[in-house]
Amino acid sequence: MLDALTVAIGVAALALAAWCGHAAWRDQPTKDWHFIGMAVVTVLVLAQLVVGLVRLAQGGKPDEGAVIFVAYLIGAFAAVPAAGMLSLTERTKWGSVTVAAGAVVLAVLEVRLYDIWGTTGA
């Protein structure tokens with residue numbers, strides 16, 4: 001699909017996970033700065049969603065099928081915002097843990113998206 005964007009999202013997601021994990025370790029809830037970080041990661045994933053859908057529309061064929069590819073794109077797009085919303089309801093360190101976990105899930109989804117697209121989908 002777009003390897004550089006996939007790697008950038010994975011790295012950004014792991015950085016967000018480390019940042020929120022550090023906040024949890026210090027017994028801090030998510031703060032405004034964390035939400036800015038979540039927004040940056042979400043914008044990157046939105047760009048990936050658009051690129052993925054455009055590649056499909058242009059005739060790209062993921063190795064494991066278009067339906068599962070789109071499902072993973074949507075899941076990746078929803079992972080961090082969903083964790084962010086949950087962290088708003090839990091204004092303790094566990095809110096930070098939730099965002100860190102959501103960011104790790106996003107990083108894993110990125111690896112899976114890379115596998116689903118494969119080399120023949122280019």
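In this predicted model, helix α1 passes helix α4 in a left-handed crossing. The two helices pack at an angle of about 160 degrees, and their axes are 8 Å apart. An angle over 145 degrees counts as roughly antiparallel, so α1 is roughly antiparallel to α4.

The α1 side of this contact is formed by D3, T6, I9, G10, A13, L14, L16, A17, C20, G21, A23 and A24. The α4 side is formed by K93, S96, V97, V99, A100, A103, V104, L106, A107, E110 and Y114. Sorted by class, the residues of the contact of α1 with α4 are 16 nonpolar, 4 polar and 3 charged.

**Helix pairs**

Two packed helices are described by the angle between their axes and the distance between the axes.

| Pair | Angle between axes | Axis distance |
|---|---|---|
| α1 and α4 | about 160 degrees | 8 Å apart |
| α1 and α2 | about 160 degrees | 10 Å apart |
| α3 and α4 | roughly 170 degrees | within 8 Å |

Helix α1 covers residues 3-25 and helix α2 covers residues 32-57. With an angle of about 160 degrees between them, α1 is roughly antiparallel to α2. Here too the crossing is left-handed, as α1 passes α2. From α1, the residues in contact are L5, T6, I9, A12, A13, L16, W19, C20 and A23. From α2, they are W33, H34, G37, M38, V41, L44, V45, A47 and Q48. The contact of α1 with α2 holds 14 nonpolar residues, 4 polar ones and no charged ones.

For α3 and α4, the axes cross at roughly 170 degrees. That angle makes α3 roughly antiparallel to α4. Among the α3 residues that meet α4 are F69, Y72, A76, V80 and L86. The α4 residues that meet α3 include V99, A103, L106, L113 and W117. The contact of α3 with α4 comprises 16 nonpolar, 6 polar and 2 charged residues.

**The nonpolar core**

In soluble globular proteins, nonpolar side chains tend to be buried together. The largest nonpolar core of this model has 26 residues. Which of them touch the most other members? They are L16, V41, V45, F69, A76, V80 and L106. Two or more residues of this core come from each of α1, α2, α3 (66-89) and α4 (93-117). Helix α4 gives the largest share, 9 residues.

V45 shows how such a residue is placed. Leaving aside residues up to four places away in sequence, V45 touches I9, A76, F77 and L106. I9 is also part of the contact that α1 makes with α2, and A76 belongs to the contact of α3 with α4.

**Two single residues**

V97 is 24 residues from L73 in sequence, and their C-alpha atoms are 23 Å apart in space.

D27 lies in the loop between α1 and α2. Although D27 is not a glycine, its phi is positive, at about 60 degrees. The relative accessibility of D27 is 54%, so D27 counts as exposed.

How values were computed
Residues are numbered from 1 along each chain as its sequence is written. This is a predicted model: local features need pLDDT of at least 70, side-chain atom pairs count only at pLDDT 80 or more; totals for chains, interfaces and linings use all residues. Side-chain values use heavy atoms; hydrogens and water are left out. Axes are lines fitted to C-alpha atoms, for helices over the stretch in contact, and angles run from 0 to 180 degrees between N-to-C directions. Helices (H or I, at least four residues) and strands (E, at least two) are DSSP runs, numbered from the N terminus. Angles under 35 degrees count as roughly parallel, over 145 as roughly antiparallel, 65 to 115 as roughly perpendicular and the rest as oblique. A crossing is left-handed if the near helix is turned anticlockwise from the far one by less than a right angle, and right-handed if clockwise. Contact means heavy atoms within 4.5 Å. Ala, Val, Leu, Ile, Met, Phe, Trp, Tyr, Cys and Pro count as nonpolar, Asp, Glu, Lys and Arg as charged, and the others, Gly among them, as polar. A nonpolar core is a set of buried Ala, Val, Leu, Ile, Met, Phe, Trp, Tyr and Cys residues joined through side-chain atoms within 4.5 Å. Buried means under 20% relative accessible area, exposed over 50%, partly exposed in between (1.4 Å probe, protein chains only).
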